[in-house]
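Open the model in your viewer and keep the selection panel at hand. The tour goes stop by stop.

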Amino acid sequence: MLLQTLVTGLAIGGVYALMAVGYSLVFSILNFSNFAHGVIIMLGAYFGYYLCSSLGLGIGASMLGAMIGTAVISILNEKLAYRPLRLRKAVPLYFMISAMGAAMFLENMVYVTVGSHFYSYPSFFTGSISIGGAYVGLLDIVALSISTFFIILLTLFLNKTMMGTAIRAASRDMLVASTLGVNIDGLLMVVFALAGGFAGIAGVFLGVKYLVYPTMGVITNKAYIAAVIGGIGSLPGAIVGGLILGLVESFVSAYISTTLRDVFSFSMLIILLLVLPSGLFGKTLDEKL
Amino acid sequence: MLEIQNLTVHYGKIRALDSVSLEVKPGEIVSLVGANGAGKTTLIWTIFGCLKPTSGKVIFEGKEVPAKPNVAAKMGMGLSPERRRLFPNLTVRENLRMGAYLRKDKAEIARDEENMYAMFPVLKIRYTQYAGTLSGGEQQMLAIARALMCRPKLLLLDEPSLGLSPLLTEQLFAKIPEVNATGVGILLSEQNAFKALKVAHRAYVIETGTIAMEDTPQNLLSSDHVRQSYLGFRAV
Ligand SMILES: Nc1ncnc2c1ncn2[C@@H]1O[C@H](COP(=O)(O)OP(=O)(O)OP(=O)(O)O)[C@@H](O)[C@H]1O
Ligand SMILES: [Mg+2]
């Protein structure tokens with residue numbers, strides 16, 4: 001029971017982390033909460049669903065396809081909804097409003113085109129394996145491994161490549177980064193492609209685990225909580241915040257009550273923000289991103 | 001190499017520069033001297049394409065510089081901005097590497113990095129440290145080194161002495177001819193008029209957004225107006 005709860009918590013935490021990373025990446029550069037991100041995760045779930053159930057692709061190929069699809073949507077989202085504001089040097093509030101507009105637009109596009117039905121993915125990773133007497137769901141193990149893999153990849157990218165270094169630099173001073181030759185439009189394309197790609201993976205996991213429906217983006221509010229708990233704008237923060245939230249939920253569900261789960265998450269957020277207003281990793285000089 | 005023609009710049013309705021013309025010839029050190037709020041920083045940012053002028057042109061090596069700083073960098077300009085503006089979340093080394101962002105020649109970049117450490121030895125000691133943890137003087141050296149890492153043909157220095165002790169200012173100003181000797185043109189904006197004039201080949205005096213004087217440092221240093229307004233001498 002303990003081990004199973006732990007793995008389930010880490011697995012859902014890993015998926016929260018994947019989503020939270022997208023919020024944090026965008027926040028670190030443009031200083032606003034990209035509320036269109038949740039809808040892009042929802043679209044990822046749809047893309048994956050159509051690829052595997054209509055086209056009959058395997059889960060790996062479907063996930064890759066979903067990643068590409070959401071990366072493209074995320075880039076378009078930036079170009080159409082945020083870039084014009086950027087060029088006019090608008091304050092973050094306007095970006096946030098534009099993000100909400102983009103979210104409503106995309107959500108309604110789903111209603112208009114595919115309707116409000118609930119879909120379920122074909123079964124993947126339904127088995128469980130026994131570790132030391134405890135049964136651990138295969139899906140949880142796969143989710144945890146894949147999120148870990150992509151988060152490590154992202155960390156290496158941000159810390160070891162020139163483009164990654166430029167993203168970290170621009171997160172502190174976009175203008176000065178551009179005076180060193182960084183093309184900000186190109187850099188934001190990379191950032192939004194990354195956030196979008198991660199949204200695609202997360203969307204597919206959510207779809208496989210739960211169901212696919214237009215308002216499923218609401219689940220991603222929790223990923224936003226995870227990002228805030230960790231300190232929004234911080235990459236380690238997003239990861240740690242995601243894992244903490246996943247573990248808390250899993251343990252509260254298992255040992256206290258499933259219905260109290262969300263009450264716990266939200267209370268935790270409020271208490272944490274009272275104690276540490278900028279989250280666990282927020283604002284420390286060297287660790288934004 | 002740099003030619004500025006009738007540049008006028010506004011912040012909203014406020015006019016910060018009024019028809020400014022100025023020139024830097026190849027290999028020259030040109031100083032831009034003026035009081036607080038005269039418009040030096042505005043001019044520097046506009047030259048680099050960070051501010052869009054209301055009218056007038058910035059021409060670098062025969063080509064007009066667009067209002068895109070990354071293009072200005074590509075054309076061969078380097079900037080050490082006012083108040084340094086380092087990336088505090090990056091190490092000293094990463095800041096230097098950001099300076100070489102546009103360059104692909106890995107071996108040359110590594111060599112230039114060593115050159116910077118030779119020119120500013122304290123940076124070598126601190127190269128794994130976050131730039132945000134450096135002292136003011138160390139940060140200023142890093143800001144200049146970062147700008148040099150892009151191998152600029154023209155280096156724009158905005159108030160390099162800001163916040164430095166007299167000793168550090170002295171050391172820093174000693175580096176300017178050293179950099180210039182490697183063939184880099186320099187446009188230096190400074191409130192410390194005496195030092196800026198001493199180091200320059202030519203200088204401009206800027207007053208409330210217009211160029212008030214242009215001359216050799218010797219002539220400016222002996223002009224009554226400059227002596228009274230910028231060097232603190234009283235009229236006799
Ligand atoms: N972002 C801004 N918005 C509005 N006005 C500005 C802005 N930046 C500068 N100004 C105004 O433009 C004028 C020129 O400022 P600038 O910073 O170019 O002066 P400076 O010569 O660099 O001064 P200092 O020696 O103090 O650095 C000043 O009157 C200043 O108040
Ligand atoms: Mg200034």
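Is Glu214(B) buried, partly exposed or exposed? Select Glu214(B) to start: with a relative accessibility of 45%, Glu214(B) is partly exposed. Keep in mind that this is a predicted model.

**Stop 1**

Arg202(B) counts as buried, at 10% relative accessibility.

**Stop 2: a salt-bridge network**

Now select Arg103(B), Asp105(B), Glu108(B), Arg111(B), Asp112(B) and Arg151(B). Salt bridges with shared partners join these residues into one network.

Zoom in on Asp112(B) and Arg103(B). Their side chains meet in a salt bridge, 2.8 Å from N to O. Asp112(B) is buried at 5% relative accessibility. Arg103(B) is buried too, because its relative accessible area of 14% falls under the 20% cut-off.

Move to Glu108(B) and Arg111(B). Here the closest N and O atoms of the salt bridge are 3.2 Å apart. Both residues lie in helix 4 (residues 106–119) of chain B; they are three residues apart, so about one helical turn separates them. Glu108(B) is partly exposed at 25% relative accessibility, and Arg111(B) is partly exposed at 49%.

**Stop 3: two domains of chain B**

Colour chain B by domain. Domain 1 covers 1–76 + 154–236, and domain 2 covers 79–151. Their centres, taken over C-alpha atoms, are 23 Å apart.

Next, select the interface. On the domain 1 side, 21 residues are in contact with 17 residues of domain 2 of chain B. The area buried between the two domains is about 1,700 Å², with carbon and sulfur atoms giving 73%.

How many salt bridges cross this interface? The rule finds zero between domain 1 and domain 2 of chain B. It does find five residue pairs in polar contact across the interface.

**Stop 4: the domain 1 face**

Show helix 1 (40–47), helix 2 (69–75), strand 7 (154–158) and helix 7 (166–181) of chain B. Each gives two or more residues to the side of domain 1 that touches domain 2. Helix 7 of chain B supplies the largest share, five residues. Colour this side by residue class: 13 residues are nonpolar, three polar and five charged.

Notes. Residues are numbered from 1 along each chain as its sequence is written. Chains are lettered from A and ligands numbered from 1 in the order in which they are written. This is a predicted model: local features need pLDDT of at least 70, side-chain atom pairs count only at pLDDT 80 or more; totals for chains, interfaces and linings use all residues. Side-chain values use heavy atoms; hydrogens and water are left out. Domain bounds come from an automatic or database domain assignment. Contact means heavy atoms within 4.5 Å. Buried area is the accessible area (1.4 Å probe) that two parts lose on being put together, summed over both. A salt bridge is a side-chain nitrogen of Lys or Arg within 4 Å of a carboxyl oxygen of Asp or Glu. A polar contact is a pair of N or O atoms within 3.5 Å; within protein, one must be able to donate a hydrogen and the other to accept it, and residues adjacent in sequence count only if both atoms are side-chain atoms. Helices (H or I, at least four residues) and strands (E, at least two) are DSSP runs, numbered from the N terminus. Ala, Val, Leu, Ile, Met, Phe, Trp, Tyr, Cys and Pro count as nonpolar, Asp, Glu, Lys and Arg as charged, and the others, Gly among them, as polar. Buried means under 20% relative accessible area, exposed over 50%, partly exposed in between (1.4 Å probe, protein chains only).
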